[in-house]
Amino acid sequence: MVRAPSTNGSRFELFNLDLDPAFVLIKRSGAKVVGVQVPDGLKRMATKLARAIEEETGAEVIVSGDPCYGACDVDLDLCRASDLVIHIGHSEMLEGGPLTDKVVYVEARMRADVREAVERAAELLTTRKVGVVTTVQHVHRMEDIVGVLEKKGVEAVVRSGGERARYPGQVLGCNFEAARNMYVEEYLFVGTGQFHPLGVALATKKRVVAADPVTGDVSVVDALPMLKRRYGAIARAGDASQIAVLVSKKPGQQRMDLAREMVNLGREHGKKMLLVYLDRAEPDALVNLGVDAAVCTACPRIALDDQAKYQIPVLTPPEFEVLLGERKGDYLLDEIE
Ligand code: SF4
């Protein structure tokens, strides 16, 4: 077990990384060049990780300097330049390609004890049977979560999350199947940040209590402000005549068929549509295209989480269907299956 470097005041000390299986694979495969991909939040660990790999295996290490947003985001150029790629921080998602077969996933596990936050969150629950969901950083604490709830007299339901999620109860920013696969009226989300619990609320339309084991904060999720922002973006896109449909080059975000569907749908409604293939949806790139709005078929978080970065409205595919009058009823969260 290699511990994440501990540095004062940094968040690295929050994680454990087990590099031992990766060391074994590197040695067994005889890899001479090893690529390393690290998400931005852990990027400053890269130097120590590179050194640890070089010292342990004798392989040359190349660190990807590009951002890495998730397991979907495998650096294919780095795969071409390396014999093996160590992808840090996310759980395995992609299989079966000649390049992605080279990737070894090393998950980052948060050291935070979840029990206190779950105990406090249990006080906010209104039912005796709840769905439990979390992110990969806390899945190893699932037994603790379930144990605390049981002691409080609450039945915890944990379901598998489909093909993109590796562990029962695991949700991703683009996939909430683990939450939808059950009959409950309420959920407990354990983890950091606001996006995932909001996603659970939007995907299930049920009450969600969130427990953050790092800050200790517990809260009931309010999805209304997000919904208002999304319907605001749809309304602003109403006047757009030139619309880009964004398709990601990232292997786990690429939805070309869906993008073509959106292009055709837009054209049927008299819009000028432009299919755009890109690695990252940078705000300047969209401005330079001269479009009035965009439909993003890449990571759903680009539209939902990052809208403030863009000068033009960026819609998800279901939101674009609402704009065109092709979709009615409750808000549908964009997910990748
Ligand atoms: S598509 Fe987005 S939310 Fe899904 S794994 Fe990739 S970066 Fe995360």
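A note on the model before the views. This is a predicted model: local features need pLDDT of at least 70, side-chain atom pairs count only at pLDDT 80 or more, and totals for chains, interfaces and linings use all residues. Residue numbers start from 1 along each chain, following the sequence as written.

**View A. Helix α7 sits largely enclosed.** Helix α7 covers residues 195-204; helices here are DSSP runs of H or I with at least four residues, strands are E runs of at least two, and both are numbered from the N terminus. Because 9 of its 10 residues are buried, α7 is largely enclosed by the rest of the structure. Buried means that 20 or more other C-beta atoms lie within 10 Å of a residue's own, exposed means 12 or fewer, and partly exposed is in between, with C-beta atoms placed from the backbone. The buried set is His-196, Pro-197, Leu-198, Gly-199, Val-200, Ala-201, Leu-202, Ala-203 and Thr-204. Their cover includes β8 (129-134), α6 (177-180), β10 (186-190), β11 (207-211) and α8 (224-236).

**View B. His-196 in helix α7.** His-196 belongs to α7 and is buried, since 23 other C-beta atoms lie within 10 Å. Leaving out residues up to four places away in sequence, His-196 touches Thr-135, Val-171, Gly-173, Phe-189 and Gly-191; a contact here means that two C-beta atoms, placed from the backbone, lie within 7 Å. Look for Thr-134 too: it is 62 residues from His-196 in sequence, yet the two are 8.3 Å apart in space, C-alpha to C-alpha.

View C. Lys-205 lies in the loop between α7 and β11. Its phi is positive, about 60°, although Lys-205 is not a glycine. Most residues other than glycine have a negative phi. Lys-205 counts as exposed because it has 10 C-beta neighbours inside 10 Å.

**View D. Residues around the ligand.** How many residues surround the ligand? There are 13, and the closest are Gly-70, Cys-72, Gly-173, Cys-174 and Cys-299; a residue makes the list if its C-beta atom, placed from the backbone, lies within 6 Å of the molecule. By class, this shell has 7 nonpolar, 4 polar and 2 charged residues. For these classes, Ala, Val, Leu, Ile, Met, Phe, Trp, Tyr, Cys and Pro are nonpolar, Asp, Glu, Lys and Arg are charged, and the others, Gly among them, are polar.

**View E. Helices α4 and α5 cross.** Helix α4 (residues 115-122) packs against helix α5 (residues 142-151) at an angle of about 40°, with the axes 9 Å apart. Those axes are lines fitted to C-alpha atoms over the stretch in contact, and angles run from 0 to 180 degrees between N-to-C directions. The crossing is right-handed, meaning the near helix is turned clockwise from the far one by less than a right angle. From α4, Arg-115, Val-118, Glu-119 and Ala-122 meet Asp-144, Ile-145, Val-148 and Leu-149 of α5. That contact has 5 nonpolar, no polar and 3 charged residues. Glu-116 is also in α4 and counts as partly exposed, because it has 14 C-beta neighbours inside 10 Å.

View F. An automatic or database assignment gives domain 1 (2-108), domain 2 (115-221) and domain 3 (225-323). The C-alpha centres of domains 2 and 3 lie 30 Å apart. In this interface, 4 residues of domain 2 are in contact with 5 residues of domain 3. On the domain 2 side there are 3 nonpolar, 1 polar and no charged residues.

**View G. Leu-84 in strand β5.** Leu-84 is placed in β5 (residues 84-88) and is buried, because it has 23 C-beta neighbours inside 10 Å. Beyond four places in sequence, its contacts are Leu-25, Ile-26, Ser-29, Ala-31, Val-34, Lys-102 and Val-104. The C-alpha atoms of Leu-84 and Ala-31 are separated by 6.4 Å, with the two residues 53 apart along the chain.
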